[in-house]
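Colleague: I am new to reading protein models. Could you take me through a few features, one at a time?

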Amino acid sequence: MPWSRIFSGIVAIALAFGATLLGGWYFTLLFAVIIFLGQNEYFNLVRAKGMAPAAKSTEFVSQVLLIICTLDGNLADAVMPLAGTYICFYLLFQPKMATIADIAASILGLFYTGYLPSYWVRLRAIDSTTMVNLPLADYLSKPTDYLLGLYKRDFSSLPQGLTATLLTFGCIWAADIGAYFVGKYFGKTPLSEISPKKTVEGAVFGVAASLVVAVAGAYYLNLPKTPFTGMALGLLIGIASILGDLTESMLKRDAGVKDSGQLIPGHGGILDRTDSYIFTAPLVYYFVTLILPLLAD
């Protein structure tokens with residue numbers, strides 16, 4: 001593995017870990033940047049196919065969606081249809097008549113690179129106070145308290161969104177690293193024509209790595225019905241990360257490019273690095289908010 005890939009991966013993990021501990025607007029800011037850059041790459045792929053999407057409008061409403069998720073996650077779902085309506089309204093009044101492909105690409109951009117990633121903000125905000133952590137000086141002590149709580153296994157003062165987000169990140173990282181190394185050195189059976197380099201062996205080991213981390217995390221966090229809760233969560237995250245990877249590969253293959261961009265040394269574009277995260281957050285969010293309470297009864 002090139003040193004540039006290792007170094008940029010370490011930097012990305014450090015930024016993600018720090019923003020997750022801080023939570024609130026700091027976490028939102030991280031994803032605002034990720035979504036903005038990811039949408040730019042997505043719309044470049046779309047334009048390569050000759051379409052003219054409402055890129056700026058989609059980017060604007062996606063940022064508004066993130067702000068609303070931070071203020072009140074319950075309102076986020078109401079924003080999606082309003083945002084879609086606004087994008088269609090914008091395309092209707094362009095000098096050049098929009099096509100079905102233009103509208104579809106714009107709405108997919110909103111859903112795929114805006115709405116789905118916004119669930120990370122909603123996941124992290126579970127049981128959290130998001131409006132009192134600015135400026136940084138007033139909030140600097142909490143991450144330290146969170147780290148001590150994690151170390152001592154004292155979760156009484158830790159937001160559930162924090163532990164769920166960290167566990168999800170850990171599962172995704174394990175799945176990505178496991179799939180990469182096993183697929184590279186031991187993979188022989190192609191997984192899909194969409195991405196010829198991906199193998200069945202790598203995918204299976206990636207899901208298995210996610211499952212192991214999730215079971216260990218469920219035990220460490222004292223989740224109900226362990227280890228079955230961890231097994232279900234690990235399987236969910238492992239499969240979702242693979243589907244996210246293949247979906248982004250399908251977009252690149254259709255656009256005729258190898259990478260979505262060249263932003264991150266050794267990794268390509270921001271979508272190349274975050275594709276495993278896109279479908280994961282909504283599934284984990286509803287697992288935590290809907291399934292876990294049932295298992296606790």
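Colleague: How many residues does the hairpin use to join β1 to β2?

Modeller: This is a predicted model, so treat each feature as a prediction. The hairpin links β1 and β2 through two residues. Look at the strands on either side. β1 covers residues 190–192 and β2 covers residues 195–199. They run antiparallel, joined by two bridges. Ser192 faces Ser195 of β2.

Colleague: Now the helices. At what angle do the axes of α7 and α8 cross?

Modeller: Roughly 150 degrees. α7 spans residues 160–185, α8 spans residues 200–220, and their axes come within 7 Å. Angles over 145 degrees count as roughly antiparallel. Therefore α7 and α8 are roughly antiparallel to each other. Their crossing is right-handed.

Colleague: Which residues of α7 and α8 make the contact?

Modeller: On α7, they include Leu167, Gly170, Ala174 and Gly178. On α8, Gly202, Phe205, Ala209 and Val213 are among them. Sort the contact by class and you get eleven nonpolar, seven polar and one charged residues.

Colleague: Let me try a single residue. Is Thr20 buried or exposed?

Modeller: Compare its relative accessible area with the cut-off. Buried means under 20%. Thr20 has 0%, so Thr20 is buried. It sits in helix α1, residues 3–22.

Colleague: Which residues does Thr20 touch, leaving out those up to four places away in sequence?

Modeller: Thr20 touches Phe27, Arg124, Leu162, Thr165, Leu166 and Phe169. Find Thr20 in the view, then pick out each partner.

Note on methods
Residues numbered from 1 in each chain as written. Predicted model: local features only at pLDDT ≥ 70, side-chain atom pairs only at ≥ 80, totals over all residues. Heavy atoms only, no water. Helix = DSSP H or I, 4+ residues; strand = E, 2+ residues; numbered from the N terminus. Buried < 20%, exposed > 50% of the residue type's maximum accessible area, 1.4 Å probe, protein only. Contact = heavy atoms within 4.5 Å. Axes fitted to C-alpha atoms, helices over the stretch in contact; angles between N-to-C directions. Parallel < 35°, antiparallel > 145°, perpendicular 65-115°, else oblique. Left-handed = near helix turned anticlockwise from the far one by under 90°. Nonpolar A, V, L, I, M, F, W, Y, C, P; charged D, E, K, R; others polar. Pairing = 2+ DSSP bridges.
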